[in-house]
Amino acid sequence: MRKKVLDFLGFIICVAVVLGIVSVIALVGSIMKIFGFRYESVGKIILFFLIFAIVGFPMEVFAQALPNALLSLDRISFMSAKVLFVFLDTTATTIAMVVVDHFMKSVSASLLSILVVAFLFAITSLDEVKR
């Protein structure tokens with residue numbers, strides 16, 4: 001009996017995680033539609049973000065490493081490191097998204113939607129800058 005209850009709870013947790021992921025994708029998609037982001041299907045937007053993550057990874061590493069390196073060398077203040085990170089991360093994300101958008105015909109995004117999403121990604125990643 002206990003095993004059945006644990007199996008059921010595991011199933012409920014898996015369903016909750018999947019619903020959470022789908023909810024986040026729907027939320028990001030609906031916010032991006034307001035700013036001019038268009039896509040054919042949810043699968044296409046998932047593919048867009050997957051390719052974007054692969055293309056943008058090297059630039060994101062640089063955007064994270066430079067402010068942390070300058071901060072550890074005491075070349076800039078903590079606040080300056082955060083501002084530099086937001087600028088570099090927004091720029092790197094924008095470049096990666098524009099490149100992926102150019103080659104994916106099933107997804108189209110205005111520059112404004114790309115900039116908004118890039119800025120939101122940068123703001124949510126601010127904890128990457130460490131003292």
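These questions and answers concern a predicted model and the terms applied to its helices and residues.

Q: Why is Asp-74 called exposed?
A: Exposed means over 50% relative accessible area. Asp-74 has 69% relative accessibility, and therefore counts as exposed.

Q: Where does Asp-74 lie, and what makes its phi stand out?
A: Asp-74 is in the loop between helix 2 and helix 3. Most residues other than glycine have a negative phi. The phi of Asp-74 is near 60°, a positive value in a residue that is not glycine.

Q: Why is Ile-123 called partly exposed?
A: The class runs between the cut-off for buried, under 20%, and the one for exposed, over 50%. Ile-123 has 36% relative accessibility, so it counts as partly exposed. Ile-123 belongs to helix 4.

Q: What makes Leu-50 count as exposed?
A: The cut-off is over 50%, and Leu-50 has 51% relative accessibility, so Leu-50 counts as exposed. Leu-50 is part of helix 2. Val-100 is 50 residues away in sequence, and the C-alpha atoms of Leu-50 and Val-100 are 10.0 Å apart.

Q: How do you know that Ile-13 is exposed?
A: Its relative accessible area is 54%, and exposed means over 50%. Ile-13 is a residue of helix 1, which covers residues 2-34. The C-alpha atoms of Ile-13 and Val-86 are 35 Å apart, and the two residues are 73 apart along the chain.

Q: How does the reach of helix 2 compare with the expected span?
A: Helix 2 covers residues 42-72 and has 31 residues. From first C-alpha to last the helix reaches 42 Å, close to the 45 Å expected at 1.5 Å a residue.

Q: Where is the kink in helix 2?
A: The kink is at Phe-57, shortly before the proline Pro-58, and amounts to about 50°.

Q: Which residues of helix 2 are called buried, and what cut-off does that need?
A: Buried means under 20% relative accessible area. The buried residues of helix 2 include Ile-45, Phe-48, Phe-49, Phe-52 and Gly-56. Ala-63, Pro-67, Asn-68 and Leu-71 are also among them.

Q: What makes a set of residues a nonpolar core, and which residues have the most contacts inside the largest one?
A: The residues must be buried, of nonpolar kinds such as Phe and Met, and joined through side-chain atoms within 4.5 Å. The largest such core has 13 residues, and those with the most contacts inside it are Phe-37, Phe-48, Phe-49, Phe-52 and Met-97. Helix 2, helix 3 (78-103) and helix 4 (111-124) are the elements that give two or more residues to this core. Helix 2 gives the most, with four residues.

Q: Why are helix 2 and helix 3 called roughly antiparallel?
A: Their axes cross at roughly 160° and come within 8 Å. Angles over 145 degrees count as roughly antiparallel, and helix 2 and helix 3 are therefore roughly antiparallel to each other. The crossing of helix 2 with helix 3 is right-handed.

Q: What makes the packing of helix 3 and helix 4 oblique?
A: Helix 3 and helix 4 pack at an angle of about 140°, with axes 8 Å apart. The term roughly antiparallel needs over 145 degrees, and roughly perpendicular runs from 65 to 115. The angle of about 140° therefore makes helix 3 oblique to helix 4. This crossing, of helix 3 and helix 4, is also right-handed.

How values were computed:
Residues are numbered from 1 along each chain as its sequence is written. This is a predicted model: local features need pLDDT of at least 70, side-chain atom pairs count only at pLDDT 80 or more; totals for chains, interfaces and linings use all residues. Side-chain values use heavy atoms; hydrogens and water are left out. The expected span of a helix is 1.5 Å times one less than its number of residues. The bend at a residue is the angle between axes fitted to the seven residues ending there and the seven starting there. Buried means under 20% relative accessible area, exposed over 50%, partly exposed in between (1.4 Å probe, protein chains only). Axes are lines fitted to C-alpha atoms, for helices over the stretch in contact, and angles run from 0 to 180 degrees between N-to-C directions. Angles under 35 degrees count as roughly parallel, over 145 as roughly antiparallel, 65 to 115 as roughly perpendicular and the rest as oblique. A crossing is left-handed if the near helix is turned anticlockwise from the far one by less than a right angle, and right-handed if clockwise.
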